[in-house]
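Subject: Structure handed over, with notes

Dear colleague,

I am passing on the structure below, together with some notes on what was found in it. Please read them with the coordinates open beside you.

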Amino acid sequence: MADALTSQGSDPSTGAITVSTAAETSARWGWVILARHGEPAQPRTSRMNAAEYRAWWAGYEVKGIKAGQTAPERLKAVAREADVIISSIRQRAIETAEAVTEGRAYAQNPIFVEAPLPPPPWPAWLKLLPRTWGFLARVHWVLTDRHGAAETHREAEQRAEEAADLICGMAAQGQKVLIVAHGYFNQRVGAALTRRGWRCVEDPGFAYWSARKFERR
């Protein structure tokens, strides 16, 4: 079940916070955990060309997670302890949040959706697995900022900064924050948190169901 997030004492639209004195320490700040969704239901075993990969990605974006998965107990425990839980609005993130919250209310926010993966405009005869296309598309998108009608790399970086500000606004009040979102975008939000004085204290990587924990330095 999802409901709207009410942020006490902060502006959810900007995430702006005011630090009153330099004496505030990490004891006042809540932790932040950036969790990745479970394994998606979209098949990944067929080779395809760039146009087919574009259609494959569109399907990936609307599907949920693969059936038969069980949420890790550690992630369920994190959800029970968290004061604030927010998922991306993508179905795979929503179903993951449902699995870890076990009926507890949480919020959904589009700011946490995955950055796009527009494939390079390569010839139709070139057929690759989705995993390979994903890697090449990400590199091409970052290095060239060619995106078609999708979000640009610069825009995604700015969105990650805004997401980090939103998180900081809640954690600064002592709230423990769990974000259920996506691999690449979580990495960019984590980088933005690091620039704001946070430290990753638990880093299991970016596998499905993984959860990286950040604490204020």
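How many residues does helix α6 have, and how far does it reach from its first C-alpha to its last? Helix α6, residues 183-195, has 13 residues and reaches 19 Å between those two atoms, which is close to the 18 Å expected at 1.5 Å a residue. Please keep in mind throughout that this is a predicted model.

Helix α6 is mostly covered, with 10 of its 13 residues buried; those residues are G183, Y184, F185, N186, R188, V189, G190, A191, A192 and L193. The cover over the buried residues of α6 includes the strands β1 (32-36), β4 (177-181), β5 (198-202) and β6 (211-216), and also the helices α4 (130-144) and α5 (153-171). After α6 comes G197, whose phi is positive, near 95°.

As for the protein as a whole, it has 6 helices and 6 strands, and read along the sequence these follow the pattern β-α-α-β-α-β-α-α-β-α-β-β. Of its 217 residues, 49% count as buried, while the protein exposes about 10,500 Å², of which carbon and sulfur atoms supply 54%. Among the contacts between residues at least 6 apart in sequence, 72% join residues that are at least 24 apart.

The 6 strands make up an open sheet with mixed pairing, in the order β3-β2-β4-β1-β6-β5. Its edge strands are β3 (107-108) and β5, each of which pairs on one side only. Helix α2 packs on this sheet, where it touches β1, β2 (84-87), β4, β5 and β6, and the direction of α2 makes about 130° with that of β4. Strands β5 and β6 run antiparallel and are joined by 4 bridges; E202 stands opposite K213 in β6.

Within helix α2, which spans residues 73-81, lies K76. Is K76 buried or exposed? The lysine counts as buried because its relative accessibility is 14%, and the cut-off for buried is under 20%. Leaving aside its neighbours within four places in sequence, K76 is in contact with A71, A99, V100 and E102.

E102 lies in the loop between α3 (91-101) and β3, and with a relative accessible area of 45% it is partly exposed. W209 is also a residue other than glycine with a positive phi, in this case near 70°. W209 is found in the loop between β5 and β6, and its relative accessible area of 12% means that W209 is buried.

Finally, a word on the cysteines. How many disulfides does the count come to? The count comes to 0 disulfides, where a disulfide is taken as a pair of cysteine sulfur atoms within 2.5 Å. C168 counts as buried, at 4% relative accessibility, whereas C200 counts as partly exposed, at 27%.

With best regards

How values were computed: Residues are numbered from 1 along each chain as its sequence is written. This is a predicted model: local features need pLDDT of at least 70, side-chain atom pairs count only at pLDDT 80 or more; totals for chains, interfaces and linings use all residues. Side-chain values use heavy atoms; hydrogens and water are left out. The expected span of a helix is 1.5 Å times one less than its number of residues. Buried means under 20% relative accessible area, exposed over 50%, partly exposed in between (1.4 Å probe, protein chains only). Contact means heavy atoms within 4.5 Å. Two strands pair if DSSP finds at least two bridges between them. Axes are lines fitted to C-alpha atoms, for helices over the stretch in contact, and angles run from 0 to 180 degrees between N-to-C directions. Accessible areas come from the Shrake-Rupley method with a 1.4 Å probe; for residues, only the protein chains shown count as cover.
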